Amino acid sequence: SFDLETSGLVIDDTSQVFTIANTYRNSNGEIQRKLFRVDHYKNDGEMIFNWAEWIQKIDPTIILGHNIYRYDLPYLSKIASKYEFILRLGKNDSPISYAKNTTAYRVDGSQTWDFHKIKVLGRHVIDTMFLAVKYDIGRNYSSWGLKPIIEHEGLIKEGRQFYDASNIAKNWDNLEEREKI
């Protein structure tokens, strides 16, 4: 599983990725956590390229994240294209691919989410935001964002650092705040 911290929600030429946090559980149940931080690289393109190489090395069966169909993977692909490389997360160094046509995911009677289906050769791609909508049949969640769901389910770990995402880009250059991010 992975999660990004970025400069904002807009995906364009000004977009930046600051961190990619990962948790990997191998077939023996051993857990490995790895954090990629842009300040450890020349730029975010180099960081994303290195992250994709790490994915190739660990060779996961599943790539999982929250809102990765509509945000994280398109965001990473946009940054990769800015640095003139293709995001390669599939088996044998194969690139991810996006369906040409959009798919409408029905959230409820009045709302749909448009997205492009994503294929990663040899891997299952699971978006937990879609799973949360399916699970929340009584509409008990205040939103389908990961943090509100964790809070609602009583799964917040003691000492867990939460950071207001709207302040990440503004505070990234402050070294004290960067460590919190």
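Residues are numbered from 1 along each chain as its sequence is written, and side-chain values use heavy atoms, with hydrogens and water left out. As the model is predicted, local features need pLDDT of at least 70 and side-chain atom pairs count only at pLDDT 80 or more, while totals for chains, interfaces and linings use all residues.

Let's start with charge pairs. By a salt bridge I mean a side-chain nitrogen of Lys or Arg within 4 Å of a carboxyl oxygen of Asp or Glu. The model has 8 salt bridges by that rule.

Please find Arg37. Its side chain forms a salt bridge with Asp39, 2.7 Å from N to O, and another with Glu179 at 3.1 Å.

Which residues make up the network? Arg37, Asp39, Asp173, Arg178 and Glu179 are linked by salt bridges.

How exposed are Arg37, Asp39 and Glu179? Arg37 is buried at 13% relative accessibility, Asp39 is partly exposed at 31%, and Glu179 is exposed at 55%. The cut-offs are under 20% for buried, over 50% for exposed and partly exposed in between, with a 1.4 Å probe and protein chains only.

On to the pockets. A pocket is an open set of points on a 1 Å grid over the protein atoms alone, where a 1.4 Å probe fits, with protein on both sides within 12 Å along at least five of seven lines; lining residues have an atom within 4 Å of a point.

The largest pocket holds about 1,900 Å³ of space, the volume being that filled by probe spheres set on the points. It is lined by 49 residues, and closest to its centre are Asp3, Glu5, Leu146, Lys147 and Arg160. Among the elements giving two or more residues to this lining are β3 and α6.

The second largest pocket has about 360 Å³. Of its 20 lining residues, Ser1, Thr23, Tyr24, Arg25 and Ile62 are closest to the centre. Thanks, everyone!

Conventions:
Helix = DSSP H or I, 4+ residues; strand = E, 2+ residues; numbered from the N terminus.
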